[in-house]
Amino acid sequence: MSERVQEILGWYGSDCPGTRMNLARLLNHGRLGGTGRLVILPVDQGFEHGPARSFAANPEGYDPRYHFELAIKAGCNAYAAPLGFLEAGAAEFAGRIPLILKLNNSDSLTGGGDPCPAVTGSVDDALRLGCSAIGFTIYPGSGARNEMFGQIRALGEEAKRKGLAVVVWSYPRGGGLSKEGETAIDVVAYAAQIAAQLGAHVIKVKPPTGHVEQAAAKKVYEKQRIPVGTLAERVRHVVQSAFNGRRILIFSGGEAKDTPAIMEEVRAIRDGGGFGSIIGRNSFQRPLGEALEFLGQVMDIYAGKTK
Amino acid sequence: MSERVQEILGWYGSDCPGTRMNLARLLNHGRLGGTGRLVILPVDQGFEHGPARSFAANPEGYDPRYHFELAIKAGCNAYAAPLGFLEAGAAEFAGRIPLILKLNNSDSLTGGGDPCPAVTGSVDDALRLGCSAIGFTIYPGSGARNEMFGQIRALGEEAKRKGLAVVVWSYPRGGGLSKEGETAIDVVAYAAQIAAQLGAHVIKVKPPTGHVEQAAAKKVYEKQRIPVGTLAERVRHVVQSAFNGRRILIFSGGEAKDTPAIMEEVRAIRDGGGFGSIIGRNSFQRPLGEALEFLGQVMDIYAGKTK
Amino acid sequence: MSERVQEILGWYGSDCPGTRMNLARLLNHGRLGGTGRLVILPVDQGFEHGPARSFAANPEGYDPRYHFELAIKAGCNAYAAPLGFLEAGAAEFAGRIPLILKLNNSDSLTGGGDPCPAVTGSVDDALRLGCSAIGFTIYPGSGARNEMFGQIRALGEEAKRKGLAVVVWSYPRGGGLSKEGETAIDVVAYAAQIAAQLGAHVIKVKPPTGHVEQAAAKKVYEKQRIPVGTLAERVRHVVQSAFNGRRILIFSGGEAKDTPAIMEEVRAIRDGGGFGSIIGRNSFQRPLGEALEFLGQVMDIYAGKTK
Amino acid sequence: MSERVQEILGWYGSDCPGTRMNLARLLNHGRLGGTGRLVILPVDQGFEHGPARSFAANPEGYDPRYHFELAIKAGCNAYAAPLGFLEAGAAEFAGRIPLILKLNNSDSLTGGGDPCPAVTGSVDDALRLGCSAIGFTIYPGSGARNEMFGQIRALGEEAKRKGLAVVVWSYPRGGGLSKEGETAIDVVAYAAQIAAQLGAHVIKVKPPTGHVEQAAAKKVYEKQRIPVGTLAERVRHVVQSAFNGRRILIFSGGEAKDTPAIMEEVRAIRDGGGFGSIIGRNSFQRPLGEALEFLGQVMDIYAGKTK
Amino acid sequence: MSERVQEILGWYGSDCPGTRMNLARLLNHGRLGGTGRLVILPVDQGFEHGPARSFAANPEGYDPRYHFELAIKAGCNAYAAPLGFLEAGAAEFAGRIPLILKLNNSDSLTGGGDPCPAVTGSVDDALRLGCSAIGFTIYPGSGARNEMFGQIRALGEEAKRKGLAVVVWSYPRGGGLSKEGETAIDVVAYAAQIAAQLGAHVIKVKPPTGHVEQAAAKKVYEKQRIPVGTLAERVRHVVQSAFNGRRILIFSGGEAKDTPAIMEEVRAIRDGGGFGSIIGRNSFQRPLGEALEFLGQVMDIYAGKTK
């Protein structure tokens, strides 16, 4: 095992060997295996946005096997999806790539109110499907906070007892936040902190903007002159906010569609000390060849093979 | 076992042998046994609409034994009903036809609010009654989404652990949808996707119209030129939306009352790659002879014996 | 055992021997034992209406032992009451009469809102008190439907597993119904159907009026010319709605206070195929001698000894 | 054991020997031991009204040990308090006096809404502290009725299974009642009936006034000419409403502060057939000597030593 | 073991040896070990206020190991933090300082409504991390009282059964209180009483002001002339309100930032009989050297080494 991976595993000293083994699986698999960086393929958009919006651009994606194959061929560290998508391929692709079962999901048919996903899977589901980790979305800022935090508390405890890793998507959203505030630097850093305090091993946030949302935070950012001018600086601040870099922190690809823009974002994440990316739509909505090339470029950046 | 049934069972590789055996029972029973097509008789209208509205047209239907006999004589693949109706015949007709216990039901005495059926049976009830599957209705689009999704999550997990198959009725309905939107092509396709992601083995939806409900979906349907002009095309799109055809997808008979119109609908389902029909009121509200002839015609279409 | 009782037990083929034995106890006990008809004494009015309104007219009724004695001396098939009343006599009168523990109750101190009784006893309470059955009230039409249906689902499943019978009081009431609608023929028939579908062995409804509440039902009653002109006809329709007579359906005494009027009602129930009566206030609010004579008359009608 | 105690225990024939033994402990302890009368010291005012309002008048009462000593020295039948107060003395005073653990409590910092105490202890807490009984407050008339009744249902069942006695404080309060109605004779009698039906072994109510709250009850009280003119008559009616005197019914001291007035109330309770008093503030807010003299007078009245 | 510690342990006679051993660990550790006084380092501000507001002033604090080291070097009695912070150091610092796992937490992204923290850890988490105690925040005065009290009831019972101590942060807040009332002397004393009655072993409150919030309390404070003019007097009253000093009562550092002011407060707490302080922001937001000096001064005051 690489020194970097051993160093990272060292941060999780409170976890049982089973959980650390599964973290090692995530870190050691694929083209970035051993580097301490990760690129994960997540495909929950069929649930979250509907099938046509997710898969019509590249209809191969309607087939659940396609995403296993894409993640394997691209050399991703792991593939993350809801129950149905994993059930539809876990046997056929058993042992080929670490799996992450997303345990809660929203859809776009129900609107309004403070956001709170439905719980759609269990830790035992993750075990029977051979997964290495559970995934769970929280929406800090939502009025349903206690429900979501209570769910991940219980699921996380069970996952750790049963030797799985815990990946938390931490997306601020809800009554107390402006739309702009959802990606504000103070709010994203706070979201990373909350996920870490809730016991996540791996944390996923969105790339933060330079906006500062909360007045009480603004005073501190100004007084302490926290540098948040560039994306790399902001990534560095969020990494710091996740236990000073001692928790694996990865970033979603966000809305960006233009490949050069994405690569610039990836470079900033890398330079700011981020651990990697979790890239869904920008991967599986392209034809396979393009997607492999695209993911290859991303991985090359993280691997330090390209600037 | 026919090659087609073996192929279908191959899609459910994550399931235990018990569940696959019960899926095989559904697929191998009756006149369509072995074809990969299914016609199921469901009788929950007594609960949903009341006894007179359901059975007065053909009073034999007040007797729970009638529906067992109808399903057996017609050569249906399975008979689905709520707890009381199955308890009243399961012993007498044991081993004669696969049974599906509907685990939740609504009635028409309580109105208003976002729809959420009452849970009226358990997985252990299904086991003690000798059922092959549980049935469960979800209403995507309802504000009670999390409650329903959470229930099927738990019931589905238990059913799979205990070797049963899971059939999900996925009927969009609720605050976020227009009346027309409940059968819109984008919404029905989405409903099929959700049921599949929730882990259903068999999914029941309504035949979709050409209406597209959601603005974000409309853009995609237009950009990608998804063909939804004919019912067969729409069925094909919904089948694709259910894991590219790798989940059994069947259609309800809907409101149509005119026999030729129903047969045309059935042909479109067949031609679009649908797996079959679940036909309640159009069967048991006719006199027995007529019902058998009617169901025979439907099965002949699916069996490819008639155009 | 009489042929009629054997026939009735035959309807409950899905139940375990313990439950069928307890159904047989109800059917074989008392003056109507073996006839397939039942007269049950229920005393939950102390809880539902308060002590003075229930017992001041005949103060003997304040004493819980009185009702055991009344039911035994009158030769009733069973005695039904809430936890406290049964606890206060179950030991002293053990083995003298089948008991039904009412597991939920309302009081008249809390008003407003959709009705939902409090759960006040358990299946294990019923077992330790030597009961033959549990009793449970549902209010179809109430916005709290899912809560009540969910409770009886769980309690009914447990009772059946532990060899008890399940008696459901099905009283339509709540936001969706007019006051007149609570006893409308379509609504009472629907209430009987719901209780049967929920798995009740014995169903108690109120004598229906000729009013038809729901527009969708009215069309069917008129089109199918369902006869509901006389009480006997209406009883026949409700019996039919309870699985075509294959569930034990009994009627409450209602508000009637005049003895001849009650006897006429009882005759109509008998002639319409009803299985009997459950008579509370009209029994225990009379002096013992009058009550015994009154109940004797009712039983004679059911036994066919008087016209 | 005295005949009276044996007679009383005879009313609880449905209970296990452990529970009857604990009822005997309550009845046999202290100066009134064996008489069938009880005087219990309850100290939950620190929780309900705050420490200064409860204990500043006699600061010894801040110390939890004081109340154990007061109850022991006065010769009370039992001492009742919330978890913290009992934990703080149960070891030191083990075996000196029967204890009752109050399992739910309110405070005066949160106002408004229908009253519902917080559950603050468990049956297992009562067992580990060596208690003879659990105590629980219900507020009949509150919109939170189902929650409270459901809690005492479960706690009472567990207590009876584990050999403890169940004491219910039944205080009508909430949306459906006027302030005056909370102590109206019809409402207090109803509250006693509800507690008895819920399975309480010992019931505590407030001394009722002559007011009749509910119109439907008023008609009955007038028609049946129920005597409620004097407190003794009203006590007799409430005792009757608690299963015709076959449940132990005790009365709280209420607001009265004047010793002669209290003694007159106690005499009325005795003469009306009440089983005793539960006196908190009027005991522990006096200096120890006065309190002992005061409680001694009360007990002498119940023992029949003074008129 | 010192006599004082033995005396204190004597107050917890109802607890099992495991719990008393853990209380002894808290009392015997660090520079104040054996004195019966405690200074605890709590670091939940990252969760409660966000990372930058908590740690930017002294960026070492982003690293979870920093707080372990600070607490150890300063000679604190214990270190208290949420799940994530303890998981990130419990293995590395095992056996170096007693730990308290905070089991519920709020964040500042969700506003409005009655306050109720999310449950974020379990008793079993505390055990696997080697903690001596659980920590839990209640907000007396909140409309969510029953939820919080019910949670600590269950968690406290489990903790005591499993040999842990229970520390309760009791912070009045919510609909029924004015902002000023949250630290009013009557309200803080009441909050201490509630925590004690709920079974807390150690209680944390805020230093009270001289304001009296509740009218009913005001009458008593005036009538009984309770001295609340100085902070020491007020501390004495709150200590008295926590079972007359027989529960360990400590005080938070509050908002004060000026070191001399804090030391004056600490002297008042000591002189009023308080058991110590729990000081977060005023410790870890200073550079390490200053923080050690600051905490040293506080401990010297409690140890009686300085006036």
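Predicted model: local features only at pLDDT ≥ 70, side-chain atom pairs only at ≥ 80, totals over all residues.
1. As background, the strands of a sheet pair through backbone hydrogen bonds, and the pairing may be either parallel or antiparallel.

2. The pairing of S6 with S7 belongs to a closed arrangement in chain B, for eight strands form a barrel in the order S1-S2-S3-S6-S7-S8-S9-S10, with parallel pairing. From one strand to the next, the twist averages 25°.

3. Helix H2 (residues 17-28) of chain B lies across strand S1 (38-42), strand S2 (78-81), strand S3 (99-102), S7, strand S8 (202-205) and strand S9 (248-252) of that chain, and its direction makes an angle of about 60° with S7(B).

4. For the packing of two helices, the reader may turn to chain C, in which helix H1 (residues 3-10) and helix H2 (residues 17-28) pack at an angle of about 145°, their axes lying 10 Å apart. The residues that make the contact are Val5(C), Ile8(C) and Leu9(C) on the side of H1(C), and Arg20(C), Leu23(C), Ala24(C), Leu27(C) and Asn28(C) on the side of H2(C). Sorted by class, the residues of this contact are six nonpolar, one polar and one charged. The crossing of H1(C) past H2(C) is right-handed.

5. Between chains, the contact of chain D with chain E draws 43 residues from chain D and 38 residues from chain E. The two chains bury about 3,200 Å² between them, and 57% of that area is on carbon and sulfur atoms. On the chain D side, the residues that lose the most area to chain E are Phe47(D), Tyr62(D) and Leu109(D), which together account for 22% of what that side buries. Two salt bridges are found across this interface, and Lys160(E) forms a salt bridge with Glu87(D), in which the closest N and O atoms are 2.8 Å apart.

6. Chain E also meets chain A, in a contact that takes 43 residues from chain E and 38 residues from chain A. Here about 3,200 Å² is buried between the two chains, 57% of it on carbon and sulfur atoms. In chain E, Phe47(E), Tyr62(E) and Leu109(E) lose the most area to chain A, together 22% of what that side buries. Two salt bridges are found across the interface of chain E and chain A; Arg145(A) forms a salt bridge with Asp107(E), with the closest N and O atoms 3.5 Å apart.

7. Chain A and chain C are not joined by any contact, and their closest C-alpha atoms lie 19 Å apart. Chain C and chain E likewise do not touch, the nearest C-alpha atoms being 19 Å apart.

8. Over all chains, a search of the whole structure finds 65 salt bridges. Within chain A, the side chains of Asp44(A) and Lys102(A) meet in a salt bridge, at 3.3 Å from N to O. This pair links distant parts of the chain, 58 residues apart, since Asp44(A) is in the loop between strand S1 (38-42) and helix H3 (45-49), whereas Lys102(A) is in strand S3 (residues 99-102). In general, side chains of opposite charge can pair when their charged atoms come close.

Definitions and conventions:
Residues numbered from 1 in each chain as written. Chains lettered and ligands numbered in written order. Heavy atoms only, no water. Pairing = 2+ DSSP bridges. Helix = DSSP H or I, 4+ residues; strand = E, 2+ residues; numbered from the N terminus. Axes fitted to C-alpha atoms, helices over the stretch in contact; angles between N-to-C directions. Contact = heavy atoms within 4.5 Å. Left-handed = near helix turned anticlockwise from the far one by under 90°. Nonpolar A, V, L, I, M, F, W, Y, C, P; charged D, E, K, R; others polar. Buried area = accessible area lost by both parts, 1.4 Å probe. Salt bridge = Lys/Arg side-chain N within 4 Å of Asp/Glu carboxyl O.
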